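I opened a notebook for this structure. My entries below follow the order in which I looked things up.

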Amino acid sequence: MVLKEVENEINRIIDILKRDQTIDGSWNYPFETGISTDAYMIILLRTLEIDDEELIKQLVDRILNKQEKNGAWKLYYDEGEGNLSATIEAYYSLLYSGYVINSDKRIIAAKRFILANGGIVKSHMFTKILLALTKQYPWPSFFPIPLETLLLPISFPINFYDFSVYGRANLVPIMILADKKFSRKTPKSPNLTDLISTNKNEFSDWERTNEWRSIHAILKEGIKNLIELPEKIHAQASERGKQYMLNRIEMDGTFYSYFSSTFFMIFALLSLGHSKDDPVILKAVNGLKSMKTVINDHVHMQYTTANVWNTSLISFAMQKAGVSPFEPVIKKANQYLLNRQHHQYGDWVIHNSQSLPGGWGFSDINTINPDIDDTTAVLRSISQVAARNSNIREAWNKGMKWLISMQNNDGGWAAFEKNVNKPIMNMLPIEGGKFLLTDPSSADLTGRTLEFLGKYTKIAKNSPSIKKAVQWLEKSQENDGSWYGRWGICYIYGTWAAITGLKAVGFSSEHKSIQKGIEWLKNIQNEDGGWGESCKSDLYNKYIPLGDSTLTHTAWALDAL
């Protein structure tokens, strides 16, 4: 009886998925990332004086819908009373929209929360930068990464390509803006000075760490050795930054297809003398608008689209559920994925010069920023037909070569690049630097790559590549038996990926690493039979239970068990 119910439910979901497939073969399900992108979009449109009132009203509606009873906004379900930075961004955008006024009880409640939690000076670095470039908060006297860093050679101990690609995409425009101390205000700009509860500018904390002074000295020494007059070097660095951005604009006008980097790029170009009506800026704005989606009847600005990721996972799941790879729904998905394989060199080639392109990226229009997770997901989804179709076989071979070439020297796999994990980078006083500055091997990506290689390829399980990856996974297991997952929440996620990966390459269920992982999963199961983990695990670097069970965490745990 239960099995029949399960079968009926699987068929019901398959029918929904078939109906939801778009005409190009992908699944364009939303990629939800909170309210910050909604707030930033309102601020961008108002600052550029683009009167898209329909969109602004729609975003205002969603932001207000997400407000908590105490006036705050949260980043995740169990985030205490709320998140200060998200609340400041929401407050600012609502007032800037012109559709919510100071005397509105929702604004009064938000202001009360902001001031009770320290005001603007206690907000996140990115929030302060947003406020600085729109003349709501002073720029710091200096930025911790000199603009001239862009000119340092790859051979230098610290250079621009030691930052992760995600870090580079966001930091380049910010470095230009901080260097120019650029800010732009309009007649519609609200006044947020009453949110600054102290005269102290906490950007100045950048100057106070001994580690940073050491790194800054190294950078200054390298810059001093550049063979040009200081003024000329500075101009060259500014131009290098500009060209870095322009050369990585995707077809839709966005910079690397990310919302934040495109947002900052627009302001950086303004600071370099571009008009707000410049075609590059207008196309970038339209690119951001194209990422608009609807979630629960509310308009949301996605951080990026997720079509490649969605399509590879859904196509694979349908095939595992019994849909033939020769059915039209899978054939259309395969064709979409083949069309999204990368053929251009991206920044990944800096640390992996011997490989040809062949990976896949996350978003619909991504052509130069492939990643390991999407590449293994796509290869997994086309694995059943790779041997029978010459076009798919060619794509498979290119993808496999790129994937294997991206293994880090330590044996693991990172997300976007190879060997971008210098410990010294973590000393930079950049908030959130753990994710912004480096791209280390992670248990989730290494485990899933092993699971793919072990189950869907003919690579020998005792090959040097697999042996190195296994050794890295064994070393990275936590004392309690779990693994930390970098790209999801968090320890359940990493443990699932590691166990399924190790099993796929021949580990026995009785192996001590797997047994420790299994015992840990059993010990954290909830009374209702499910599993659930708080986002706080990622903040505090230890497992913190959510208190409730989620479908996602339960599925990961069950798959591992």
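**Entry 1: an aspartate in a loop**

Where does D364 lie? I found D364 in the loop between α13 and α14. I am working with a predicted model, in which local features need pLDDT of at least 70, side-chain atom pairs count only at pLDDT 80 or more, and totals for chains, interfaces and linings use all residues. Residues are numbered from 1 along each chain as its sequence is written, and side-chain values use heavy atoms, with hydrogens and water left out. The helix names also need a rule: helices (H or I, at least four residues) and strands (E, at least two) are DSSP runs, numbered from the N terminus.

Next I looked up exposure. Buried means under 20% relative accessible area, exposed means over 50%, and partly exposed is in between (1.4 Å probe, protein chains only). D364 has 21% relative accessibility, so it counts as partly exposed.

Then I listed its neighbours. Contact means heavy atoms within 4.5 Å. Leaving out residues up to four places away in sequence, D364 touches D24, T305, N307, Y336 and R340. I also checked K276, which is 88 residues from D364 in sequence. In space the two are 27 Å apart, C-alpha to C-alpha.

**Entry 2: salt bridges**

How many salt bridges does a search of the whole structure find? It finds 19. A salt bridge is a side-chain nitrogen of Lys or Arg within 4 Å of a carboxyl oxygen of Asp or Glu.

I began with D364 again. Its side chain meets that of R340 in a salt bridge, at 3.1 Å from N to O. The pair links distant parts of the chain, 24 residues apart, and both residues sit in the loop between α13 (328–339) and α14 (372–382). R340 is partly exposed, with a relative accessible area of 21%.

Next came R62 and E32. Their closest N and O atoms are 2.7 Å apart in a salt bridge. R62 lies in helix α3 (residues 53–65) and E32 in the loop between α1 (2–20) and α2 (36–47), so the pair ties together parts that are 30 residues apart in sequence. Are the two buried or partly exposed? R62 counts as buried, at 2% relative accessibility. E32 counts as partly exposed, at 41%.

R380 is in helix α14 and E451 in helix α17 (residues 443–456), so the bridge ties together parts that are 71 residues apart in sequence. R380 counts as buried, at 9% relative accessibility. E451 also counts as buried, at 10%. I noted a network too: salt bridges that share partners join E32, D38, R62 and K66.

**Entry 3: a serine in another loop**

S26 lies in the loop between α1 and α2. S26 is buried, with a relative accessible area of 1%. I looked for its polar contacts. A polar contact is a pair of N or O atoms within 3.5 Å; within protein, one must be able to donate a hydrogen and the other to accept it, and residues adjacent in sequence count only if both atoms are side-chain atoms. The side chains of S26 and D24 are joined by one of 2.8 Å. Another, of 3.4 Å, joins the side chains of S26 and N307. Not counting residues up to four places away in sequence, S26 touches Q21, N307, T311 and Y336.

**Entry 4: helix α14**

The N-terminal end of α14 is capped by D371, where a side-chain oxygen lies 3.1 Å from the backbone nitrogen of D373.

**Entry 5: α17 against α18**

I then followed α17 to its contact with helix α18 (residues 464–476). A443, T446, G447, L450 and L453 in α17 meet I466, A469, V470, W472 and L473 in α18. These contact residues divide into eight nonpolar, two polar and no charged. Ala, Val, Leu, Ile, Met, Phe, Trp, Tyr, Cys and Pro count as nonpolar, Asp, Glu, Lys and Arg as charged, and the others, Gly among them, as polar.
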